[in-house]
Amino acid sequence: AALREGYEHFDPRAYLRNNYLPPRADFSSEEFVVPWKLRCLAETFASGEIRGRTLIDVGSGPTIYQLLSACDHFEEIVATDYLAVNREELSRWARGEPGAFDWSPFIQHVCKIEGRGYPWNPDKERRLRQRLRRILPIDVHRPEPLGAPLRPRADALLSAFCLEAVSPDRAAFVRALAHVGNLLRPGGHAVLLGALGESFYLAGPARLPVVPLQESDVREALAAAGFALRELRSYAMPPALRTGVDDVDGVFFAHAQK
């Protein structure tokens with residue numbers, strides 16, 4: 001209940017300013033956090049192993065960067081979020097409306113590291129818009145997060161900075177991970193990005209609590225939720241990017257299989 005009340009004050013534009021504009025969205029070096037996240041995603045999807053009909057993105061928030069490398073490998077992408085304001089922000093971008101957040105620096109960078117055209121390849125943006133067919137409400141604390149089973153179940157699941165930010169404790173984090181795992185077919189792949197050592201973050205007037213996780217917590221949670229860990233990487237947040245909008249120590253990237 002306290003989490004729900006806090007998220008009523010969530011400001012998508014403030015969240016985007018805090019995390020997806022400079023200094024954090026600095027593409028001048030691979031050592032910065034946003035290029036690191038994009039490279040993890042690009043390298044994992046470039047293997048060609050994670051592909052199929054449907055990818056579900058759990059807790060998309062107001063962001064699409066996490067889908068840029070994935071969109072070439074799926075016929076349909078289903079975005080989800082608990083908050084209507086985030087779903088509206090995603091819809092504005094999907095429709096190409098004026099005033100939508102400008103993701104072009106992210107798209108340019110992904111095209112560069114994938115070797116598919118630099119500085120700009122309009123096919124990437126067009127393909128993601130075409131394949132982002134559904135933007136649905138979700139509650140990861142329900143055994144059926146979408147309110148009903150996903151049919152057919154997804155071939156892959158992606159989630160970035162969601163589960164640890166909406167769970168009051170580690171046990172709830174593990175349960176939420178198991179719940180979203182119900183959306184995935186047996187043998188399907190899960191790709192996760194999340195915060196390490198973070199206890200709060202800001203999004204306008206909202207100050208949201210986060211479950212502080214360590215790498216060992218991520219490993220144990222995946223195993224408890226029925227996933228086999230394939231890869232786990234971590235990034236330490238440098239002092240220059242500790243801007244006061246959160247107290248994050250680092251970021252984890254995990255690839256696991258159900």
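What is the volume of the largest pocket? In this predicted model, the largest pocket has a volume of about 740 Å³. The structure also holds 1 cavity of 30 Å³ or more, and the count of disulfides comes to 0.

**The largest pocket**

- The lining of the largest pocket is made up of 42 residues. Those that lie nearest the centre of this pocket are Tyr-7, Phe-161, Cys-162, Ala-165 and Tyr-201.
- Three helices, α1 (2–7), α2 (12–20) and α3 (33–46), each supply at least two residues of this lining. Helix α1 gives the most, with 4 residues.
- By class, the lining of the largest pocket divides into 26 nonpolar, 8 polar and 8 charged residues.

**The cavity**

- The largest cavity contains about 40 Å³ of space.
- Ser-159, Phe-161, Cys-162, Leu-163, Glu-164, Phe-173, Leu-192, Leu-193 and Phe-252 line the largest cavity. This lining has 7 nonpolar, 1 polar and 1 charged residues.
- Phe-161 and Cys-162 are named among the residues that line the cavity, and both are also listed among the residues nearest the centre of the largest pocket.

**Helix α8**

- Helix α8 spans residues 215–224, and its buried residues are Asp-217, Val-218, Ala-221 and Leu-222. Viewed down the helix axis, the buried residues of α8 fall within an arc of 125 degrees, so they line one face of the helix.
- Glu-220, Ala-223 and Ala-224 are exposed, and they are carried on the face of α8 turned away from its buried side.
- The buried residues of α8 are covered by elements that include helix α7 (170–181) and the strands β5 (184–196), β8 (228–236) and β9 (250–257).
- Just after α8 comes Gly-226, which takes a positive phi of about 90 degrees.

**Cysteines**

- A disulfide is a covalent bond between the sulfur atoms of two cysteines. In this model the number of disulfides is 0.
- For Cys-71, the closest cysteine sulfur belongs to Cys-111 and lies 9.0 Å away, which is too far for a bond. Cys-111 is likewise in no disulfide, and its nearest cysteine sulfur is that of Cys-71.
- Cys-71 is buried, at 0% relative accessibility. Cys-111 is buried as well, with a relative accessible area of 1%.

**Backbone features**

- As a general rule, most residues other than glycine have a negative phi, and most peptide bonds are trans.
- Pro-22 and Pro-23 are joined by a cis peptide bond with omega of about 10 degrees. Pro-23 is found in the loop between α2 and α3.
- Another cis peptide bond joins Arg-151 and Pro-152, where omega is about -10 degrees. The loop between β3 (132–137) and β4 (154–160) holds Pro-152.
- Phe-161, a residue other than glycine, has a positive phi near 55 degrees. Phe-161 is in the loop between β4 and α7.

**Two arginines**

- Arg-17 lies in helix α2 and is partly exposed, with a relative accessible area of 48%.
- Arg-17 and Phe-101 are 84 residues apart along the chain, and their C-alpha atoms are separated by 9.7 Å.
- Arg-142 lies in the loop between β3 and β4. At 38% relative accessibility, Arg-142 counts as partly exposed.
- The C-alpha atoms of Arg-142 and Arg-175 are separated by 9.0 Å, with the two residues 33 residues apart along the chain.
- When its neighbours within four places in sequence are left aside, Arg-142 is in contact with Gly-147 and His-179.

Notes: Residues numbered from 1 in each chain as written. Predicted model: local features only at pLDDT ≥ 70, side-chain atom pairs only at ≥ 80, totals over all residues. Heavy atoms only, no water. Buried < 20%, exposed > 50% of the residue type's maximum accessible area, 1.4 Å probe, protein only. Arc of directions from axis to C-beta. Contact = heavy atoms within 4.5 Å. Disulfide = S-S within 2.5 Å. 1 Å grid on protein atoms, 1.4 Å probe; cavity = no way out; pocket = protein on both sides within 12 Å on 5 of 7 lines; lining within 4 Å. Points joined across faces, edges and corners; volume = space filled by probe spheres on them. Nonpolar A, V, L, I, M, F, W, Y, C, P; charged D, E, K, R; others polar.
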